[in-house]
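Welcome to a short tour of this protein model. Please take a look at the sequence and the 3D view, and then we can walk through some of its features together.

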Amino acid sequence: GIGGGTSDRLPDPCSGERADFSEWAFVARAFFVAQGCVTPAEFQIIEACPYPIQFGHLNQEQLQRSQILYYKLVQIVRGHALRVVQSTPIGNGFEAWRLLVQDMQELEEGQSVALTQQIVNFEFNAEQDYEKQLNQLDKLVEMYRRQHGETSVPDDMLKAVVIRGAPGTVRGHLQLL
């Protein structure tokens, strides 16, 4: 009840879908503040920070709270959101939250158009590793699909972009698919 302390019950898991993130983050922020992991002022600083938050920037108490936040996040995020958390240094919950908010915020219309252009006009460089470039294209497509749905980038369009940039030996095989 009121004044009866904080609940240890974790918020419902984050699905990793951008459309659901804003509401989930609101509830998660309240939970983490009630748990004493992060202050409201720290959330504002973390979310506005344009550069990575490193352990050396934190005092001992902040470092401990950041580690608690990290492990609580691991327990309540799934899918793409979990991959974002996993990409941060182990135990750096402040940085994990910063990256999560940065990655999961809904795209503005201009950003969405720019992302569409990046996918459609994706250029493969013959001097670079083809597989790494495919991974870059895949990340762009995943960002767009998280925002607009799985079928928002038609597979035929994606296939055409990949075939256009494939090395000659691979191109022939891809065209048969």
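## Starting points

Gln102 sits in helix α5, where helices are DSSP runs of H or I with at least four residues, numbered from the N terminus. With a relative accessibility of 52%, Gln102 is classed as exposed; the term stands for over 50% relative accessible area, buried for under 20%, and partly exposed for values in between, using a 1.4 Å probe and protein chains only. Along the sequence, Gln102 and Cys49 are 53 residues apart, while in space their C-alpha atoms are 9.8 Å apart.

A word on how to read this model, which is predicted: local features need pLDDT of at least 70 and side-chain atom pairs count only at pLDDT 80 or more, whereas totals for chains, interfaces and linings use all residues. Residues are numbered from 1 along each chain as its sequence is written, and side-chain values use heavy atoms, with hydrogens and water left out.

## The largest pocket

Gln102 also brings us to the largest pocket, as it is one of the residues in the lining. Rolling a probe the size of a water molecule over the atoms shows where empty space is left. Here the search runs on a 1 Å grid over the protein atoms alone, with a 1.4 Å probe; a pocket is an open set of points with protein on both sides within 12 Å along at least five of seven lines, and lining residues have an atom within 4 Å of a point. The largest pocket holds about 260 Å³ of space, a volume being the space filled by probe spheres set on the grid points, which are joined across faces, edges and corners.

Which residues line the largest pocket? They are His80, Arg83, Val84, Ser87, Leu99, Gln102, Asp103, Lys139, Glu142, Met143 and Arg146. Two or more residues of the lining come from each of α4 (79-86), α5 (93-104) and α7 (130-148), and α7 gives the most, with four residues. Sorted by class, the lining has five charged, three polar and three nonpolar residues. In this scheme Asp, Glu, Lys and Arg are charged; Ala, Val, Leu, Ile, Met, Phe, Trp, Tyr, Cys and Pro are nonpolar; and the others, Gly among them, are polar.

## Pairs of opposite charge

Side chains of opposite charge can pair when their charged atoms come close. A salt bridge is counted when a side-chain nitrogen of Lys or Arg is within 4 Å of a carboxyl oxygen of Asp or Glu, and by this rule there are six salt bridges. One of them involves two residues of the pocket lining, Arg83 and Glu142, with 3.0 Å from N to O. Because Arg83 belongs to helix α4 and Glu142 to helix α7, this pair ties together parts that are 59 residues apart in sequence. Arg83 is partly exposed at 45% relative accessibility, and Glu142 is partly exposed too, at 26%.

Another salt bridge joins Arg29 and Glu47, whose closest N and O atoms are 2.8 Å apart. Arg29 is in helix α1 (residues 18-34) and Glu47 in helix α2 (residues 40-48), so that distant parts of the chain, 18 residues apart, are linked.

Arg65 lies in helix α3 (residues 60-76) and is buried, with a relative accessible area of 11%. Its side chain makes a polar contact with the side chain of Glu61 at 3.0 Å. A polar contact is a pair of N or O atoms within 3.5 Å; within protein, one must be able to donate a hydrogen and the other to accept it, and residues adjacent in sequence count only if both atoms are side-chain atoms.

What does Arg65 touch, leaving aside neighbours within four places in sequence? Arg65 is in contact with Gly36, Cys37, Val38, Thr39, Glu42 and Phe94, where contact means heavy atoms within 4.5 Å.

Asp12 is found in the segment before α1 and is exposed, at 52% relative accessibility. Its side chain meets that of Arg9 in a salt bridge, 3.6 Å from N to O, and Arg9 is exposed at 57%. Not counting residues up to four places away in sequence, Asp12 touches Trp24 and Ile76. Asp12 and Val85 are 73 residues apart along the chain, and their C-alpha atoms are separated by 17 Å.

Asn135 belongs to helix α7 and is partly exposed, at 43% relative accessibility. From Asn135 to Ala30 there are 105 residues along the chain, with 36 Å between the C-alpha atoms.
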